[in-house]
Amino acid sequence: MFKNNFTRWHALVACALWLVFAALTLVIVLRGLDHAAQRPLTVAATVAGSALGPMSGAICRGFQPCCLAFSLSLMPVCLAGLAVATAVQVVWLPEVSWLRVGRLVVWSAGLLLWFGGGILSLAHALG
């Protein structure tokens with residue numbers, strides 16, 4: 001019933017989306033964080049933490065209570081999207097080319113929701 005349908009395409013999509021969102025996070029933090037030039041470790045931690053999706057804003061502000069609360073409020077939605085996208089990859093479906101493409105589309109959508117939560121949390125933290 002369950003099968004591992006993760007391919008190298010899944011890894012490539014995940015890496016490509018993370019790199020895009022890491023670059024976007026870098027631009028946002030450099031422009032929005034107070035005294036970003038004097039806080040290179042905070043910038044680096046936030047960019048690396050973009051892999052943690054909605055926790056980016058909390059990381060950016062040193063886990064201040066309001067930023068942490070906002071990031072954690074985004075977590076259920078973002079995590080649910082990622083969980084559904086992952087579940088679609090392991091549920092057995094017939095080997096049909098359009099289903100393989102559909103799996104990749106669902107995987108991409110789940111990752112977009114996950115990484116997009118990071119941008120929303122940065123908007124709160126830096127806004």
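This report looks at aromatic pairing and nonpolar cores in a predicted model.

## An aromatic pair

Let's start with the rings. A pair of aromatic rings is described by the distance of the centres and the angle of the planes. Searching the whole structure turns up two aromatic pairs. One of them joins Phe6 and Trp107 in an edge-to-face arrangement, with 5.3 Å centre to centre and 80° between the planes. Phe6 sits in the segment before helix 1 (8-32) while Trp107 belongs to helix 5 (residues 97-126), so this pair ties together parts that are 101 residues apart in sequence.

How do the two partners compare in burial? Phe6 has 32% relative accessibility and therefore counts as partly exposed, since that class runs between 20% and 50%. Trp107, at a relative accessible area of 11%, is buried because it falls under 20%.

## The largest nonpolar core

Trp107 also turns up in the largest nonpolar core, which has 16 residues. It is listed among those with the most contacts inside this core, together with Val13, Leu17, Met55, Leu111, Trp114 and Phe115. At least two residues of the core come from each of helix 1, helix 3 (56-60), helix 4 (65-90) and helix 5. Helix 4 gives the most, with five residues.

Leaving aside residues up to four places away in sequence, Val13 touches Leu104, Trp107, Ser108 and Leu111.

## A separate core

Another core, of nine residues, lies apart from the largest one. Its members include Leu33, Ala36, Val43 and Cys60.

Terms used:
Residues are numbered from 1 along each chain as its sequence is written. This is a predicted model: local features need pLDDT of at least 70, side-chain atom pairs count only at pLDDT 80 or more; totals for chains, interfaces and linings use all residues. Side-chain values use heavy atoms; hydrogens and water are left out. Rings of Phe, Tyr and Trp (its six-membered ring) pair if their centres lie within 6.5 Å; planes under 30 degrees apart count as stacked, over 60 as edge-to-face and the rest as tilted. Helices (H or I, at least four residues) and strands (E, at least two) are DSSP runs, numbered from the N terminus. Buried means under 20% relative accessible area, exposed over 50%, partly exposed in between (1.4 Å probe, protein chains only). A nonpolar core is a set of buried Ala, Val, Leu, Ile, Met, Phe, Trp, Tyr and Cys residues joined through side-chain atoms within 4.5 Å. Contact means heavy atoms within 4.5 Å.
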